[in-house]
Amino acid sequence: MSQLHAIVVGAGIVGVCSALQLQRKGIRVTLMERDEPGAGASYGNASVLASESVIPISMPGMTRKVPGMLLDPMGPLRIRWSYLPRLAPWLWRFVMAGRKTEAERITNDLARILDGCIEDFRPLLKAADAENLLVERGWIGAYLSDSALENALYATELQKRNGVSVKKMSTSELRELEPALSRNIAGGYYYPGVAHVVDSHKLTVRLAEHFLASGGTLLKESAKDLLKDHKGTVYAVATDSDEHSCDALVIAAGAWSRDLVRKAGVRLPLDTERGYHYTIKQPGITLSRPVYVPETGLACTPLDESIRLAGTVEFGGLKASPDWKRAEVLASRGKELFPELDTNHGSSWMGFRPSMPDSLPVIGPATPASNAYLAFGHGHLGLTLAARTGRMISEMICGEPVCVDPYPYRSMRF
């Protein structure tokens, strides 16, 4: 396999992990990225390895919630009116994925690919001397109201049926774990199998540096076109300045993957979730593990020397200007959860999550006989599934048994 040359387009956490996993198989790898590694969604995500997140975004009853998405500009899930015509086909698939039978099937598919996904990170972290960036203290799902806690029963039972370890806790029990939590929360759940990293950007950069130190190549150019022979095999990637030959291609460009995927001969319903964060340098509280609030979509994560408030979803495409009020509202929601939180020393950010309507990533060849492989569409699970995705892609390219049955994540499912 040492004579093979693979190009990985995209140096976010999924692309970097894919490049590393291929490199570990003895393949010569070029990582192609127009920006610095980790400069996209990997820069500002919630930094959680959410191995318990087997529940898809679209669930039964989603149809009733769509009008609210349009009317509430600060809601946890917002659609910009101007973007609705373009989003409509995606949104229809999203609603259909929330039917009970579909949601339960998707939950099972998510559970299979999430099972053991943190373990796939360990050899990469060890080799890059980055084990200190991983923290394994689980995370908390906190509910603000009794009604929301009761409504979570179905999802929680679905998690348990799919092998997720979860423990229901009272407000006082949760406050024993995290004393800064409000006394007014209704209670919640503790997920011991979840981990987080102290800085998702630092992790991506550290892994990219190890990739380069191990003989990998970083090419700072944008992929513009794919050159194919008469059989449809991609033999080179064209940029503005040159053509770069390859034996295999991995498209891991996140929300920017769609145009290149079309050149590989596939049309997929990929869209982008615009995610915001508000990171506080001097929070005034101590937090030991991430806390998530399903009602508002808020995720609070302790980083190196700060606390990150992240979450919410906005559909508005790649070109519209950020709505910074959505970052500001994260601060007020954080204050509701942690009354002593000092939100005065914060910075705002917005990034693009690549999102598929069925909450499943696309992992595998573009077409059954293609040497172009797809690795994107992870939504909120890009960091979580990065090492697992890279492992699956490397096993496919090397013709080895794949650690997880790739059928549910194939490009041809749409």
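Visitor: Let's start with α5 and α8. Which residues meet there?
Guide: This is a predicted model, just so you know. In it, K100, E104 and T107 of α5 meet Y154, L158 and R161 of α8.

Visitor: What kinds of residues are those, by class?
Guide: The contact of α5 with α8 divides into two nonpolar, one polar and three charged residues.

Visitor: And at what angle do the two helices pack?
Guide: Helix α5 covers residues 100–114 and helix α8 covers residues 153–161. They pack at an angle of about 40 degrees, and their axes are 10 Å apart. That angle makes α5 oblique to α8.

Visitor: Which hand does the crossing have?
Guide: Right-handed: that's how α5 passes α8.

Visitor: Why do you keep giving me both an angle and a distance?
Guide: Because two packed helices are described by the angle between their axes and the distance between the axes.

Visitor: OK, switching to α1. How does α1 sit against α13?
Guide: Helix α1, residues 13–24, packs against helix α13, residues 386–397, at about 45 degrees, with the axes 8 Å apart. So α1 is oblique to α13. The crossing is right-handed here.

Visitor: Which residues make that contact?
Guide: From α1 you have I13, V14, C17, S18, Q21 and L22. From α13 come A386, A387, T389, G390, R391, S394 and I397. By class, that contact has seven nonpolar, five polar and one charged residues.

Visitor: What about α1 and α6, how do their axes cross?
Guide: They cross at roughly 70 degrees and come within 11 Å, with α6 being residues 117–127. That makes α1 roughly perpendicular to α6. C17, L20, Q21 and R24 of α1 touch D120, F121, P123 and L124 of α6. Sorted by class, the contact of α1 with α6 has five nonpolar, one polar and two charged residues.

Visitor: New topic: holes! How many cavities of 30 Å³ or more are there?
Guide: A search of the whole structure finds one. The largest cavity holds about 30 Å³ of space.

Visitor: Which residues line the largest cavity?
Guide: L144, V293, T296, L298, R333, E336 and L337 do. By class, that's four nonpolar, one polar and two charged.

Visitor: Which helix gives the most to that lining?
Guide: That's helix α12, residues 325–337, with three residues.

Terms used
Residues numbered from 1 in each chain as written. Predicted model: local features only at pLDDT ≥ 70, side-chain atom pairs only at ≥ 80, totals over all residues. Heavy atoms only, no water. Axes fitted to C-alpha atoms, helices over the stretch in contact; angles between N-to-C directions. Helix = DSSP H or I, 4+ residues; strand = E, 2+ residues; numbered from the N terminus. Parallel < 35°, antiparallel > 145°, perpendicular 65-115°, else oblique. Left-handed = near helix turned anticlockwise from the far one by under 90°. Contact = heavy atoms within 4.5 Å. Nonpolar A, V, L, I, M, F, W, Y, C, P; charged D, E, K, R; others polar. 1 Å grid on protein atoms, 1.4 Å probe; cavity = no way out; pocket = protein on both sides within 12 Å on 5 of 7 lines; lining within 4 Å. Points joined across faces, edges and corners; volume = space filled by probe spheres on them.
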